[in-house]
Amino acid sequence: MSQTDIKEVELSIEHAKGMVMRGHMAQRLAANSDFKKLVLEGYFVEEAARLAHLSSDPNIPEEVRAFVMRDLNGVGAFKRYLSAIVQMGLQAETELQEQMETLDEIRSEELGEVSE
């Protein structure tokens, strides 16, 4: 194995560490009582329900309905964004372990080649 291989694995490890850190940040955020109240309950549940109800009101003008639907889509997009960060962080934890093992193997092989 070459130094280039080691550098590539080291870069993968750093990237995975960053993804794991972001995942942990999102999990800590979700556990925060203010965030739960304002975002998880207030925005994702209450505001989403209000917008869904408003979007089905036959008395609102079409141009207003378009704004309501845009806002409703925004709720879903933000929720998916946070969920994706958590999922990518969990996946990165697995990848990080694999990359660390790969790096150890490469370094062990190099030491074996050097001592021969």
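Reply: Let's start with an idea you'll need: a nonpolar core is a set of buried Ala, Val, Leu, Ile, Met, Phe, Trp, Tyr and Cys residues joined through side-chain atoms within 4.5 Å. Buried means under 20% relative accessible area, exposed means over 50%, and partly exposed is in between (1.4 Å probe, protein chains only). Residues are numbered from 1 along each chain as its sequence is written, and side-chain values use heavy atoms, with hydrogens and water left out.

Me: Okay, so which residues make up the largest nonpolar core here?

Reply: Nonpolar side chains tend to be buried together in soluble globular proteins. Here the largest core has ten residues: Ile6, Val9, Ile13, Ala16, Met19, Val20, Ala92, Leu96, Leu103 and Ile106. The largest share, six residues, comes from α1. Apart from this core lies another one of nine residues, including Phe35, Ala48, Val68 and Leu72. By the way, helices (H or I, at least four residues) and strands (E, at least two) are DSSP runs, numbered from the N terminus.

Me: What does Ile13 touch, leaving out residues up to four places away in sequence?

Reply: Contact means heavy atoms within 4.5 Å. With those sequence neighbours set aside, Ile13 touches Leu96, Gln99, Met100 and Leu103.

Me: Which residues of α1 are buried?

Reply: Residues three or four places apart in an α-helix point the same way, because there are 3.6 residues a turn. Now look at the buried list for α1: Ile6, Val9, Ile13, Ala16, Met19, Val20, Gly23 and Ala26.

Me: Where does helix α2 bend?

Reply: The bend at a residue is the angle between axes fitted to the seven residues ending there and the seven starting there. Helix α2 (residues 33-55) bends by about 50° at Gly42. That glycine is among the buried residues of α2, together with Phe35, Val39, Phe44, Ala48, Leu51 and Ser55. Ala52, also in α2, is partly exposed at 36% relative accessible area.

Me: Which residue caps the N-terminal end of α2?

Reply: For this you need polar contacts: pairs of N or O atoms within 3.5 Å, where, within protein, one must be able to donate a hydrogen and the other to accept it, and residues adjacent in sequence count only if both atoms are side-chain atoms. The cap is Asn32, with a side-chain oxygen 2.8 Å from the backbone nitrogen of Asp34.

Me: And Arg65, is that buried or exposed?

Reply: Arg65, which lies in helix α3, counts as buried because its relative accessibility is 16%. A polar atom of its side chain lies 3.3 Å from the backbone oxygen of Ile60. Beyond four places in sequence, Arg65 touches Leu54, Ser55, Ser56, Asp57, Pro58 and Ile60. Turn to Ser55 itself and you'll find contacts with Ile60, Arg65, Val68 and Met69, again leaving aside neighbours within four places.

Me: What does Leu82 touch?

Reply: Leu82 sits in helix α3 (residues 62-115) and is buried at 16% relative accessible area. Leaving out residues up to four places away, it touches Ala26, Phe35 and Phe44. The C-alpha atoms of Leu82 and Glu110, 28 residues apart along the chain, are separated by 41 Å.

Me: Last one: which element has the lowest mean pLDDT?

Reply: pLDDT is the predictor's confidence in each residue, from 0 to 100. Where it is low, the predicted coordinates should not be read in detail. Among the elements of this protein chain, α3 has the lowest mean (91) and α2 the highest (97). The chain averages 92, and 95% of the residues score at least 70.

Key. Predicted model: local features only at pLDDT ≥ 70, side-chain atom pairs only at ≥ 80, totals over all residues.
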